[in-house]
Amino acid sequence: MKHLIDPTDLSVEEIDEILNLALDIIDNHDKYKDACRGKKLATLFFEPSTRTRLSFEAAMMELGGNVLGFSSAESSSATKGESVGDTIRVVGCYADIIAMRHPKEGAPMLGSMVSPVPIINAGDGGHNHPTQTLTDLLTIKREKGELKNFTIGLCGDLKFGRTVHSLIKALSRYEGIKFVLISPKELKVPDYIITEVFEKNNIDYREVTTMEEVMSELDIIYMTRVQKERFFNEADYVRLKDTYILDKSKLKNAKDTLTIMHPLPRVNEISTELDDDPRAAYFRQAMNGKYVRMALMLTLLGVNV
Ligand code: NCD
């Protein structure tokens with residue numbers, strides 16, 4: 001049985017198969033409408049979510065299956081003191097697959113050690129978010145045509161942003177990718193990403209503090225929200241939250257072929273004046289999240305259509 005806890009739990013070949021399956025689902029939606037008939041997805045969200053939880057649920061419904069679960073720790077037995085392990089053992093008796101989000105790094109991994117059914121990490125603290133990464137990879141594949149030879153700027157909260165950590169790990173395995181890390185010094189990527197991913201694999205990366213100085217080089221800009229809930233004090237958050245605001249003026253020197261991505265939710269990082277710019281891919285990205293989660297669940301459940 002396979003779980004998805006870290007993006008590298010899937011090989012590049014397996015990711016390729018999932019993305020191709022997602023593309024087939026997009027083209028032949030009806031073919032999949034009964035693929036998970038009789039199956040149940042449990043969404044255990046100990047932390048807030050809109051896109052991730054609802055796209056998982058929509059994905060299972062579009063495969064003909066059912067969903068159950070909770071959307072906050074307060075409405076679960078966690079408030080009574082139940083451990084993650086016990087919750088997972090129990091929910092594993094009711095569901096065929098579990099998507100779990102938790103504020104503690106490593107909680108889904110812990111769950112996977114006792115789970116009788118596949119566990120999908122839907123975000124663990126500031127650590128990983130592998131299904132957002134699959135969403136991002138499908139988006140890059142659809143927007144750019146291929147997953148190699150581009151320069152990506154990752155901008156904003158690179159310290160606490162789990163989507164960034166997972167995307168870097170996954171993209172580091174593809175050819176010809178240059179990373180430009182754009183953040184204030186307080187929100188730089190964690191050291192382990194620098195040593196274990198970039199340096200260990202000899203990957204081309206650069207750290208800068210403004211988007212203007214690199215904009216003309218970028219093929220993709222991946223904006224992120226400053227992760228308010230992971231800050232230790234409010235004053236630091238307030239000081240850093242609006243460091244980067246992408247708007248028309250910042251795109252003056254950008255390529256016409258730039259792709260603008262954001263895992264969402266957006267706060268102020270991208271001006272709404274860009275929403276109708278053809279380069280703005282973030283709402284298409286959110287849509288891709290549903291298709292890639294359909295493909296992922298079919299794969300982990302071993303359902304062939
Ligand atoms: C992200 C997350 O939860 O990490 N949201 C998402 O799942 N699309 C990004 C964020 O909350 O900033």
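The questions and answers below go through a predicted model of a protein, first as a whole and then at two residues.

In this model local features need pLDDT of at least 70, side-chain atom pairs count only at pLDDT 80 or more, and totals for chains, interfaces and linings use all residues. Residues are numbered from 1 along each chain as its sequence is written, and side-chain values use heavy atoms, with hydrogens and water left out.

Student: How many helices and strands are there in the protein?
Tutor: Helices (H or I, at least four residues) and strands (E, at least two) are DSSP runs, numbered from the N terminus. Counted this way, the protein has nine helices and nine strands.

Student: Why is the protein described as being as compact as a globular protein of that length?
Tutor: The globule rule is 2.2 Å times the number of residues to the power 0.38, and the radius of gyration is taken over C-alpha atoms. For 305 residues the rule gives 19 Å, and the protein is as compact as a globular protein of that length because its radius of gyration is close to that, at 19 Å.

Student: What percentage of the residues of the protein count as buried?
Tutor: Buried means under 20% relative accessible area, exposed over 50%, and partly exposed in between, with a 1.4 Å probe and protein chains only. Of the 305 residues, the buried part is 55%.

Student: Is Asp 124 buried or exposed?
Tutor: Asp 124 is found in strand β4, residues 119-124. Its relative accessibility is 1%. Asp 124 therefore counts as buried.

Student: Which backbone nitrogen does the side chain of Asp 124 reach?
Tutor: A polar contact is a pair of N or O atoms within 3.5 Å; within protein, one must be able to donate a hydrogen and the other to accept it, and residues adjacent in sequence count only if both atoms are side-chain atoms. The backbone nitrogen, reached at 2.8 Å, is that of Gly 106.

Student: Where does Val 180 lie, and which residues does Val 180 touch?
Tutor: Val 180 lies in strand β6, residues 177-182, and counts as buried at 2% relative accessibility. Contact means heavy atoms within 4.5 Å. Not counting residues up to four places away in sequence, Val 180 touches Thr 151, Ile 152, Gly 153, Leu 154, Arg 206, Val 208, Val 214 and Leu 218.

Student: What separates the C-alpha atoms of Val 180 and Ile 245?
Tutor: Along the chain, Val 180 and Ile 245 are 65 residues apart. Their C-alpha atoms are separated by 17 Å.
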